[in-house]
Amino acid sequence: MFDGNKVTRLNVPRWEAVFRAEIMPGVISMIAVHDITRGYALGGCRMVQYENESQAFTDVLRLSRGMTFKNAIADLPLGGGKSIIVCDPKVAGENREKVLEEFGKFVAWVNRDESVYYTAEDMNTSVADMHVVSRMTSNIFGTTVDPSPYTAWGVFSGIRYSVDFFAMDLFDGHRGLEGKSVLVQGLGKVGMTLIKHLSDAGAKVMISDIRDESIQRALAVVPNALVVPTEEIFQVDADVFAPCARGEVINKANVGDLKFKVVCGAANNQLQNTKIGKTLHARGIVYCPDYVANMGGVCSIQYIEIEKLSSEVTLQNIERTVRKMLGLTFRAGFRNNLTFSEAVDHVVKKIVWGKQPENLSFTNLNLFPLTSTSEPID
Ligand code: NAD
């Protein structure tokens, strides 16, 4: 059972604090608090049966740093952290409750002097699980808001802004989504809401999902949507591609074939690696970094659950922030001759640590073929 005297504090340079505990015999948990410059760290708890502890350790570090970036680009007064429970995610019944309660004690222990880390649901943990964790700690968020509709609204705002920003370069000066084709991959909690916004804005909606029942539900929402078989999506000539299914969807096998003009979706880690990002950029395809496009979910936790703002104000805040951060990202990319996935990291570093972007160069501005002159004026 959890015992605060047996917690190990791991020394990791540049991380605020990283803790490891055996919360039950054979069940290891780790809590990584990456950065609290902007406020206490918020980041979910994953339950994964890692092959070994080193894999778990690497993952919790990587994910906690990612949360610092994600919360900062969302302009929230939050730092970044993450937690993991190393165990079979299929554990059920009383055993699951026990694991979650012991994890809750660990979270409470980490926050015993000062609140530095708040947890939430994440991969293989649910809102119901978090209610169990909350028996032992109040350092928990995301139990009362469904973030998906807000994530969808953020993606929609990102698509609309990018299309307008690059209207001159990519769409013969035509702004707005009326008549533009948008392919949405993945018709789950996010994709299903997104297609409705797109359809309402007059876009030609294309849909793809591995599950026929999702396609049927989507057709009930947008009856005139064009269904694209999953194996054909990379041959489609759509203006915008919105990946809302899974990661690494743009990879070595397809990056050379893509005919889209803009990529903007909810899935995390849409690009296989940095090199793929460079290839996409060099081909003149605008990539809206995933953690800008999908910020709506974490924003909803801050605005609705923490600040008690209305849904309407939350949607307005999300749209304003997505537009602002995409604008900063595109400009930083042009100014510093970076791909937009590289540029967004510079924007975050400036926001969190006040660091000026590195690699300042005014000599080679030709990597990206576009020179937007049509950015919208807010
Ligand atoms: P979901 O599980 O509800 O839906 C995913 C959908 O994608 C399912 O309908 C599934 O059948 C489909 N799918 C899976 N593989 C596919 C493939 N190869 N081709 C086509 N369709 C496929 O997930 P969600 O909550 O809608 O989230 C979508 C993505 O956005 C996920 O990657 C998620 O991690 C990310 N995300 C979601 C949120 C949120 O608030 N829900 C926030 C941030 C990021």
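**Ligand shell and strand pairing in a predicted model**

A backbone N or O atom of K189 lies 3.0 Å from an oxygen atom of the ligand, which is a polar contact in the sense of a pair of N or O atoms within 3.5 Å. This is a predicted model, in which local features need pLDDT of at least 70 and side-chain atom pairs count only at pLDDT 80 or more, while totals for chains, interfaces and linings use all residues. Residues are numbered from 1 along each chain as its sequence is written, and side-chain values use heavy atoms, with hydrogens and water left out.

- The ligand has 22 residues around it, of which T151, K189, V190, D209 and C244 come nearest; a residue counts as near if one of its heavy atoms lies within 4 Å.
- This shell divides into eight nonpolar, ten polar and four charged residues, where Asp, Glu, Lys and Arg count as charged and Gly is among the polar ones.
- Helices α4 (148-165) and α6 (189-200) each supply at least two residues of the shell; helices are DSSP runs of H or I with at least four residues, and strands are runs of E with at least two.

- Strand β6 (residues 79-86) pairs with β5 in the parallel sense over four bridges, pairing being defined by at least two DSSP bridges, and the bridge partner of M47 in β6 is I85.

**Strand β11 and its partners**

- Strand β11 (residues 240-243) is covered on both faces, with V240 and A242 buried on one side and F241 and P243 buried on the other.
- Strand β8 (residues 181-185) runs parallel to β11 and is joined to it by four bridges, with Q185 opposite P243.
- Strand β12 (residues 262-263) pairs with β11 in the parallel sense over two bridges, and here V240 stands opposite V262.

Terms used: Polar contact = N/O pair within 3.5 Å; in protein donor to acceptor, adjacent residues only side chain to side chain. Buried < 20%, exposed > 50% of the residue type's maximum accessible area, 1.4 Å probe, protein only.
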